[in-house]
Structures are given as structure tokens and as C-alpha cells.
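Trainee: I would like a close look at one part of this model, the place where the two chains meet. Please go from the whole contact down to single residues.

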Amino acid sequence: MAVTTAERTAPVATKRKKNAFSDGQGALAAMLLAPTMLVLLLVAGIPIIMSVTESFFRTNDRIDPQTGLVQTGTNFVGFQNFTDIFAHPATVVGVYGSMDRLVNSFINTTLFTVVCVILETVLGVSMALIMAKAFRGRGLVRASILVPWAIPTIVSAMMWKLIFNTSGVANKVLGLTNNPILWLADNKYSQISIIVADVWKTAPFIGLLTLAGLQTIPAEVYEAARVDGANAWQTFVRITLPMVKPALVVAVLFRTLDTLRMFDLPYGMIGANKYSVETLSMFAYQETMQTRYGPAAAYSIILFFYIVLVAFLFVKLLGADVVGDEELKAVNAQRKRMKALHQQQAKAAGRVRTNVTSGSAAS
Amino acid sequence: MTQVATPVIAHLTPEELGALNKPHRDISWWLGRIASAAGMALIVVYCLMPFYWMVISAFRLPTMGQSTDYWPSPASFENFVGVFSPQNNFLRAIVNSLVVSVTTTVLTLVFGIIGAYALARLRFAAKGLVLSIIIGCSMFPGVTLLVPLFKLFTGTYSWFPNWLNQYQAAIIPSLSFGLPLCVWNLTAFFRQLPVELEQAAMVDGCTPGQAFRKIILPLAAPGVFTTAILTFIAVWNEFMIALTFLQSKDMKTATVALSQFTGNLGYNIPYGSIMAAGVITTIPLLILVLFFQRRIVAGLTAGGVK
């Protein structure tokens, strides 16, 4: 029934099939995957489509001029839910001055994501390096690293709320008991407290994934580097980083997407409608609770496309191999080889066609 | 070469060989060792200090919730009693959390196992597309689902029943992130099992279905179990969906309930009982995680999701 990659590479004498995949397992696969895909369609696909359509409508809240009653139902408003962000901004004052609430939450989301992910990556990689070099006690450290990961985000939000309280332990440790910082008072310190809490919870997780990547690097590579006279920094930059990159990039991608939709932490620590820490998820949620479904859907769609864009950039620019399927990789590589082979044959036969994008024929 | 080398080795006495083989322990070796131990200690302190603060805050007197003493004095269990007082209704909240998490986990496993097996073993044209859809589902923001589902479940449309404050209203959206997580992890586990197992079973006369049921499923049990734990933790820790769809006092899940505890003194936040509730919510997860540490780390690194 199942065929390994190794067997597939064996020379096949029969005529080439039109698709490398078409060997009669499609029907079985469709049958086995149907329930999963159906559930995903119902719980994710259809709601997304509903969300997109919803974003073009707006709940009617005007007074009917004839009856004097509040109108019900929804109106089609086209792109107005999106254009109103600039045409009729609902200005709020966060940390960056007065601006539209959506723009404010967009900047907050971006700021949290960039700062948190950079700090988490640096801390996480350092943790992984320490753990990889460790002589003993790795089990204990791994157990303690799993603690922040296992604590529910909302519980850690309440925990940090207590720590960052005006009369709390953060001010005491920093020696600010007499002149305390108001960490939770909807100001730029609130942003710092959110970042601290998020980094605490997820840096160990990146460390864990990076450690798994580090442990796959064979010792011979390091020995070779030492023989060639590489110092510690060169070894780290030229060997360790490139070799953990695949694992690290995927971990960082997932963390980035996770931070982009941050909700629990600011909501639990600072609260709703606090503009200095309001993220896109929180704003869309608040609009939903006010039954302003049209704008809420529009804002959630903006977040959706923002996330899609970031994921796309990660895959294109950093080469994040998110899917990680060996077989697919092999097939794609084979396709590329065949294409190169055909081009070569065409060139050999003198049938080469060049255009602006195909580069010079000499290459 | 060998002619030169052999006499040199012959001159070495066993003592000299032993001295050469002994690891070279100079100052820098010891410094490295101390630095490494210090680094490890730093990681442990970093990870556990805030958690320590939550635990000791839970063991203070309810009136001393915001105390900054590094040790509770006097230590007390009153907060843990207070958590289960009628006004907090936390026992009911834990039951609600269990119902939602267990149902979602079981449903994702039922749907996910066969799907993941197909993804790990079969070759078919749309595989890349299916994998991308599943990974995509685990990436998009939950709030995008929330908007239309909230409108749908609150009885806005006449053709749909009002599901607000009913378990299915939280379970159905939870599937949207639970199922991809489950399928992804299981696919990684099934890939690790050698194909020869099924081939041998089929040579011995099993049908493909039997080979899956009698050979693969028992062998994949640890993987299935790990996936179940990971999915359970993800749903148990979920906040936004539960906050939106389970709003009434008797239907709140543990995470929502503890974030909304109210004190006896009106606006005063009852930190003591919140921390106690946090400890109660977290301890079962920590026991699970520490007990199955190796498996969970393997699952996390194989799945790469969450």
C-alpha cells in the first residue's frame, strides 16, 4: 500500500505518469482525509467566508425618518468599514499620540511582535546554548523550562499583574518602593510589563525547540572546525547558527504569528479598552461585543491579511520550511531538476529561447 | 609511517597512557564548568521565580494578598478554601473546563488519527495543498472566527438556535485550532514508524485496514497519547473563545472564572484567591508535563506547532 521514497527513486521502465503522485492512492487518501477536511471547512473555512462578507455590511442603527424607530437589519456598505479608518477616524490617545483606534492597535501589535520575538529569540538561543553545553542537570532545567509553557496565558497574566502591582514585588526589587512606577496604568510602562510577561512565557519554549535543533548537529562538524582553527565566535556564526536555522526559523515564525494575535495577556493584565496596550485582536473583540459586527469583521480581516503577509515573507525570505514533508521536498527538487534538464537539452539542441526574465543565454 | 609510530607506542607504559587519556582539567576547564552551572541555575531561576511568587501568594492570608514578603507569614490555606466559595463557583468552572477540553480532545483524535495516517503514508496529488490548509488553519487569528460565530450563536439569525452558554459553542471553535495541532503532531509520529511494519503485516495476510488497526495503532499509542495531552493543554489554556461563548456564571471555564473573581470588598482585587485558583488550574498540567516530559518535548519539536 505505502511506498517509501527510496523505492520511488528506483528506475521505472514503464511509461512516465503525468504526475509523480498519481499512483492510485488518491481515492483512499480522499476517504481518510474527508472527515478532517470537512470539520475544518465547517469550523474554519465557512466562518472565514462569513467574516469576509460581514466586513462589507454594517448594522443599521439610524432612526427611520418615517416611523421614528431605530432601523434594524444590516446595510451593504462596500469597503466603507475599511476606508472609514482613514476617512472618519475614531481617534484615541495611546502612547503614540492621537490617532485612529485601529492604527493605534496596529502599531501596538507590531511593536509587541517585533520586540517580543527579537528578545525571545536571543534569550531562547542563549538558553539552548547553555543547555547544550551542560554537563549535568539538563533534566531539571528542561522540566523548569516547561513550567512557563504549561501555565495558561491568562493565569500568567494575573500572576504578572500581581507582580507589577504599584505596591508589588517588581517595584520592590527595583528599589522603587518610595517612588513606584505605575506599571498597569495604561502607559508606556504597561507595554514594558506586557513584553516582560510574554518573553518570560515563551523564550524558554524557543530555547527548547532550538536545543532540539542543536542536538542534531554531529560532533564531527565541531571537531573539523577546531582542527581548522576556528574560534568560538566563528564556530557559532559559521556552524551552529546555519545548522539550527531550519528549526529556529520555524519556531520564530510560529512565535511571530502567535504574538500577532496576542489577546489574553494585555486583556488579563491591563484590561479592555486600554489604548496603550490594545492589540488588533482585542479591538476586533471589543467591536464584536458591541455588536458592531461589520467593523469587527473588517478589523479581523486586516489582522488576517497581516498574518498571511508575515507568514509569506517568512517562507519566501527566510526559507521557513513550515510543511516539513520530506516527500514533497523530494518531488519539488525532482521537478526543478527535470526543468533544468529540459532547459539544458533545449540549449544543446539550439532551441533556446531567451526573454527579459530568463537571463542571458550564456549563463 | 607505521614503522615510526610503533616503537613510540611501545615505549609508553600503561601509567603514561592513563595519564594521557585522563581528561585535561586546567583552570579554563573549571571556569567553563562553573559558567555552565551558573547559566543553568540562571535559567531555572528565570523560569521558576514568577511561578514561585504565584504559589507563595496563594499561601498567604486572604487579607495579605498584595504582601511583598518573600515567604508567606503566616502560611494559610484560606485562599484555597475561598476559591471554592459559592460566589466564585470555581468547582463548576473546573468541571466546565474538563467537559470542553476532553470533548474537544476526543473529537480531534477521532477525526485526526485517520487523516494524519493518510498524510504520513499515502501519496496523492493534493498533499501539499492539504498540509498547507491544515497548517494555515493553525495560524490564522481566532478573532476572525469569533466575529461571525458570535453573531451566529447569539441567535441573530432566525434559522440558527441560540447557542450562547452551551458547551458546543466553545467546543466547535476550539476544533479550529485543536484539529490542526492534533493532525500535525500525529502525522509526525506516524512518519517515524517504518513502512516495513505494514508491509510485513500485509505479507502475513492483513488487509491495509487490519495492518493499521492491529500493528500501527498500538505502536503509535505513545504518539497518540502525547498528542492528546498537547491538545488537552491547548484547549484547557484557551481563553478568548471561552470568554466569548460561555458567559453565564454556571458555564464559565476555569481560565475565565479566575480572571473574573471579585472580592468581598467590591473593587479590591482578591489576588490571594486568584493565585490559588491559578495554582489549582496549573498543577494538574504541571504534573502531566513533568511526568511525560520526554514525550512532550519530542511531540513539541516534531510538531513544531504551538
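Mentor: What follows goes from the contact between the chains to single residues and then to the domains.

This is a predicted model, in which local features need pLDDT of at least 70, side-chain atom pairs count only at pLDDT 80 or more, and totals for chains, interfaces and linings use all residues. Residues are numbered from 1 along each chain as its sequence is written, and chains are lettered from A and ligands numbered from 1 in the order in which they are written.

The contact involves 87 residues of chain A and 81 residues of chain B; two residues are in contact if their C-beta atoms, placed from the backbone, lie within 7 Å. On the chain B side, helix H3 (residues 27–58) gives the most, 13 residues. Helices (H or I, at least four residues) are DSSP runs, numbered from the N terminus. The chain B side divides into 54 nonpolar, 21 polar and six charged residues. Here Ala, Val, Leu, Ile, Met, Phe, Trp, Tyr, Cys and Pro count as nonpolar, Asp, Glu, Lys and Arg as charged, and the others, Gly among them, as polar.

One residue to look at is Phe140(B), in the loop between helix H6 (127–137) and helix H7 (142–153) of chain B. Phe140(B) is buried because 21 other C-beta atoms lie within 10 Å; the cut-off for buried is 20 or more other C-beta atoms within 10 Å of the residue's own, with C-beta atoms placed from the backbone. Leaving out residues up to four places away in sequence, Phe140(B) touches Phe304(A) and Ile307(A).

Ala284(A) also touches the other chain. With residues up to four places away in sequence again not counted, its contacts are Ala296(A), Tyr299(A), Ser300(A), Leu303(A), Val143(B) and Val147(B). In the largest nonpolar core, of 163 residues, Ala284(A) and Tyr299(A) touch the most other members. Such a core is a set of buried Ala, Val, Leu, Ile, Met, Phe, Trp, Tyr and Cys residues joined through C-beta atoms within 7 Å. Helix H8 (residues 167–192) of chain B supplies the largest share of this core, 15 residues.

As for domains, whose bounds come from an automatic or database domain assignment, chain B has domain 1 (2–58) and domain 2 (82–303).

Note on methods: Helices (H or I, at least four residues) and strands (E, at least two) are DSSP runs, numbered from the N terminus. A residue is buried if 20 or more other C-beta atoms lie within 10 Å of its own, exposed if 12 or fewer, and partly exposed in between; C-beta atoms are placed from the backbone.
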